[in-house]
Amino acid sequence: MSAIYKRELNAYFTSPIAYVVYAVAALFGGMFFMGTVLTPDTTDMTYVFLNMTSVVIILIPILTMRLFSEEKNKKTEQGLLTAPVNLFQIVMGKYLAAVTVYAIMLVLFVIYGIIISFFAAPSWITIISNIIGLLLFGMALISIGTFVSSLTESQIVAAIISIGVGLLISYMDSLASSVNVDFIKTILSAISFTTPYQNFAVGIIKLSDVVFFLSVPVLFNFLTVRVLERRRWN
Amino acid sequence: MVEVKNLVKRYGDKLAVNNVSFTVNEGEILGFLGPNGAGKSTTMNIITGYLSSTSGTVTVDGCEILDDPKGAKSKIGYLPEMPPLYQDMTVKRYLEFVYDLKKVTLPKQEHLAEVAKVTKITDVYNRIIKNLSKGYRQRVGLAQALIGNPPVIILDEPSVGLDPKQIIEMRNLIRGLGKKHTVILSSHVLSEIQAVCDRIVVINNGQLVADESTQEITSTVKGVKRLQLHISGSDASIMPALRSVEGVTRARKISRTPDGYGEYVVEYNVDNDIRKGVFNAMAKINCPIVMMRNAEMSLEDAFLKITNGEDVTSRRGGRK
């Protein structure tokens, strides 16, 4: 697993992908920080994070789109799948590499906290809980993106579908409120990412929310393993 | 060392591999021969655990590929048709990655240097794979298969896309490998297989059509002789006359030469010289022979003969 993890991480930083993602994140992060913190003269960074979720929904598929589709397209997966490693290790190696790249991006918000501290005492608790929330939110999206990438040979298709799923998830609440059937409404709001995320946004870390977000990677990484497994049989 | 038993692979309705069985003994170089689409790659992919068989078993050095995939895979070095190279890595980085991936325990730098030396890639060691020529890429692919010194090496068409000089180098390399490893080598180029392999397995339409030693195949091929003829006259009289000559096993018309003679090929057994008979027969019907030449049957012809289904039953029992 560590061999795959190391290779993937290297691939992110030897290609422009990681830097482009960081640059775009810094651009929008800076804009939100300027507009919702510096200009209104507050220490409350909640809106920076809330706005950031929609940027993350676009950026994460860029990180995950190549994970499996490129291997399939360039036929390099044959090397991985005939090596003495099991599928779970392959999936986890790739998944954790993407999570690492994403987690490094979140350092940005620590920098914003430090900038605030020059002017006033920032609420570190909220900043940290927000960072944890955004990390968990991202981990869930990365697992979905990884799964989608394992389904197709085309990176573009993987990216578009992952972005679509991310947007759908973010609209889940408004979708739920427009449905009349009660039990569908319950299901839709139960799988919404918005509700558990809101607690992190205001500085509350609840175990149930953490479990909710972590269950998504567990499910989708498992599904990715299944997809790879199934491919052998076709 | 490698035992393949009753292997069947179905893609939907299509039967890609149909009940293929063969064994590869330790230290043997086995040639896996067949036209494109015969099921060579599929069989190799099943042996290496990349694909699963619909039924049948593959055992590598005592490890069943389905029951103990890790054990079996760790005993195989595989060079697929397209070498699984990451284009953006340097050769060094890539080989280090494969070393880590295979969890090799041999001393790292020494082992990698040795593999690089054997495959002659030392001078491109620090270059990015993307910028390498096809020949070098193929060799890096081979190096990748050799990492960890696996007892079994499987090479899927290793010399495709190489120039003649590189092909010869690749052959020598493979022959050298055969001293320490068990090698399975697939190809649709017969001369290549003939040059390096101890034994040849021929596959066509997913079915095993021959399994014998290289010598046996070569001698059966040499057993049949061919006569190439240019004759003046009409086909209607020439063909029956040719066929009626004693000892002729097969006669067919190839084409017409630019100067208006018919070109014919006649096959006969080596212990039965038909040249005089043919001359007399043609003289009798007043069709002069303007050219007569012995043409040896090439392995390519033999291959076509085998894969076209001729003599299949007699060949099948050729070896246990």
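This is a predicted model: local features need pLDDT of at least 70, side-chain atom pairs count only at pLDDT 80 or more; totals for chains, interfaces and linings use all residues.

Entry 1: I started with strand S4 of chain B, residues 55–60, which pairs with S5(B) in the antiparallel sense over two bridges. Which residue stands opposite Cys63(B) of S5(B)? I found Val60(B) there.

Entry 2: Next I wanted the strand order. S4(B) and S5(B) belong to an open sheet of four strands in chain B, ordered S2-S1-S4-S5 with antiparallel pairing. Which strands stand at the edges? I noted S2 (14–24) and S5 (63–64) of chain B; each has a single partner strand, so one side of each is left without a neighbour in the sheet.

**Entry 3: a helix in chain B.** I moved on to helix H3 of chain B, residues 91–101. How many of its eleven residues are buried? I got eight, so H3(B) is largely enclosed by the rest of the structure. The buried ones are Val91(B), Tyr94(B), Leu95(B), Glu96(B), Phe97(B), Val98(B), Tyr99(B) and Leu101(B). A reminder to myself: an α-helix has 3.6 residues a turn, so residues three or four places apart point the same way.

What covers those buried residues of H3(B)? From chain B, the cover includes helix H4 (108–118) and helix H5 (134–146).

**Entry 4: over to chain A.** With chain A turning up in that cover, I looked at it as a whole. How many helices and strands does chain A have? I noted 13 helices and zero strands. The radius of gyration of chain A is 19 Å, close to the 17 Å that the globule rule gives for 234 residues, so chain A is as compact as a globular protein of that length. Along its principal axes, the C-alpha trace spans about 60 × 50 × 30 Å.

Entry 5: Buried residues come to 52% of the 234 in chain A. Among its contacts with a separation of 6 or more, 74% come from residues 24 or more positions apart.

Last, I looked at charges. Chain A carries 13 positive and 11 negative side chains, and I put the centres of the two sets 12 Å apart.

Key. Residues are numbered from 1 along each chain as its sequence is written. Chains are lettered from A and ligands numbered from 1 in the order in which they are written. Side-chain values use heavy atoms; hydrogens and water are left out. The radius of gyration is taken over C-alpha atoms; the globule rule is 2.2 Å times the number of residues to the power 0.38. Buried means under 20% relative accessible area, exposed over 50%, partly exposed in between (1.4 Å probe, protein chains only). Contact means heavy atoms within 4.5 Å. Lys and Arg count as positive and Asp and Glu as negative; His and the chain ends are not counted. The place of a charge is taken as NZ of Lys, CZ of Arg, CG of Asp or CD of Glu. Two strands pair if DSSP finds at least two bridges between them.
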